[in-house]
Amino acid sequence: MNSDMESCIKIVKELKRKGTINAYVLTGAGISRASNIPTFRGEDGLWEKYNFEEVATIDAWLKNPTKIWTFYAEGIDLILNAKPNPAHESITKLQDHGFCKYIITQNIDSLHQKAGSKDVLEIHGNITRIRCMKCNEKQIYTEPPKEIPPMCKCGGMLRPDVVLFNEQLPHELINKAFDIAKKADLVFIVGTSAEVVPAATLPYISKKNGAKIIIFNKEKTEHVQIADCFIAGKCEESLPKFLNMLLNQ
Ligand code: NAD
């Protein structure tokens with residue numbers, strides 16, 4: 001496995017020389033850290049402050065929705081005010097220049113879309129979208145809920161349209177993600193701990209089908225076992241550098 005920018009550029013340019021690149025980016029909470037959204041794991045991660053079983057599982061939700069809504073309302077406020085950072089912007093430029101087609105994100109913060117990226121698969125949902133647990137109607141929040149727990153006009157309770165721990169992912173979306181993973185020849189993995197499945201399994205499927213794997217992360221994760229290149233450091237610094245070298249060399 002290489003760990004320098006030049007080797008990354010070489011891999012990408014070699015694929016480009018052979019024809020169109022069929023790449024996707026898999027992102028996780030680390031890419032939004034510089035936009036002031038805490039990660040789950042790692043330094044200052046939310047799981048150092050909260051017990052995830054008490055705030056992020058479907059069982060906890062059903063037991064005490066008010067408590068969980070208080071946690072999510074804070075998140076909604078933070079995310080509505082967050083702005084994309086240079087890492088999100090670099091991915092949009094990678095897409096614009098034909099170096100990647102899809103973004104498969106575990107994030108629930110809309111920052112790829114705010115940065116202008118297209119074809120974003122939000123496999124864990126979006127915290128600003130809410131749905132009624134009774135009539136299933138969906139709405140988009142532009143400000144945090146005023147009452148906790150917020151209720152739908154049909155009398156049902158509203159919940160953020162995100163995938164909680166121990167819940168199934170939306171079938172259509174995850175099937176599309178698996179399909180993209182099977183067909184890809186290049187994968188960029190950015191800011192994910194590789195601990196949440198099935199998202200973490202996607203790069204293994206791509207590798208098995210011959211794809212090259214490039215990782216941008218602060219620290220090594222399980223995915224380094226299959227990586228062709230690992231670029232250590234903050235992705236809001238390394239991705240713009242990588243893009244600049246790729247476009248100007
Ligand atoms: P995670 O919290 O498990 O891991 C974050 C990873 O990013 C770690 O490996 C960490 O070392 C790395 N990292 C931290 N700062 C970085 C930086 N500046 N540059 C590069 N890497 C950095 O996150 P995950 O793997 O996405 O998985 C857990 C779940 O977190 C997902 O289901 C997701 O829905 C949820 N989540 C999302 C958000 C968000 O939407 N922004 C925030 C917190 C958690």
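**Close-up views of a predicted model**

**View 1. Lining of the second largest pocket.** The residues that line the second largest pocket fall into four nonpolar, three polar and seven charged. In this predicted model, the volume of the second largest pocket comes to about 240 Å³. Its lining is made up of 14 residues, and those closest to the centre of the pocket are Arg131, Lys138, Asp161, Val163 and Pro170. Strand 4 (125-132) contributes at least two residues to this lining, and strand 6 (158-162) likewise supplies at least two. Because domain 1 (1-36 + 85-124 + 169-249) and domain 2 (38-81 + 125-162) both give residues to the lining, the second largest pocket lies between the two domains.

**View 2. The shell of residues around the ligand.** The ligand is surrounded by 26 residues, of which Arg41, Gln106, His124, Thr192 and Ser193 are the closest. Sorted by class, this shell holds seven nonpolar, 12 polar and seven charged residues. Domain 1 (1-36 + 85-124 + 169-249) and domain 2 (38-81 + 125-162) both give residues to the shell, so the ligand lies between them.

View 3. In the side chain of Asp109, an N or O atom is found 2.8 Å from a nitrogen atom of the ligand. A polar backbone atom of Cys235 is 2.9 Å from a nitrogen atom of the ligand, while an oxygen atom of the ligand has a backbone N or O atom of Gly191 at 3.2 Å. Taken alone, the ligand would expose 850 Å², and the protein buries 95% of that area.

View 4. Ile148 and Pro149 are joined by a cis peptide bond, for which omega is near -5 degrees. Pro149 itself belongs to the loop that runs between strand 5 (138-140) and strand 6, and strand 6 is one of the strands that supply at least two residues of the lining shown in View 1.

View 5. The peptide bond between Val197 and Pro198 is cis, with an omega of about 5 degrees. Pro198 is placed in the loop between strand 7 (186-190) and helix 8 (202-208).

**View 6. The backbone at Asn136.** Although Asn136 is not a glycine, its phi is positive, at about 70 degrees. Asn136 sits in the loop between strand 4 and strand 5; strand 4, like strand 6, gives at least two residues to the lining of the second largest pocket.

Technical notes. Residues are numbered from 1 along each chain as its sequence is written. This is a predicted model: local features need pLDDT of at least 70, side-chain atom pairs count only at pLDDT 80 or more; totals for chains, interfaces and linings use all residues. Side-chain values use heavy atoms; hydrogens and water are left out. A residue is near a molecule or strand if one of its heavy atoms lies within 4 Å of it. A polar contact is a pair of N or O atoms within 3.5 Å; within protein, one must be able to donate a hydrogen and the other to accept it, and residues adjacent in sequence count only if both atoms are side-chain atoms. Accessible areas come from the Shrake-Rupley method with a 1.4 Å probe; for residues, only the protein chains shown count as cover. Ala, Val, Leu, Ile, Met, Phe, Trp, Tyr, Cys and Pro count as nonpolar, Asp, Glu, Lys and Arg as charged, and the others, Gly among them, as polar. Domain bounds come from an automatic or database domain assignment. On a 1 Å grid over the protein atoms alone, a cavity is a set of points where a 1.4 Å probe fits but cannot get out, and a pocket is an open set with protein on both sides within 12 Å along at least five of seven lines; lining residues have an atom within 4 Å of a point. Grid points are joined across faces, edges and corners, and a volume is the space filled by probe spheres set on the points. Helices (H or I, at least four residues) and strands (E, at least two) are DSSP runs, numbered from the N terminus.
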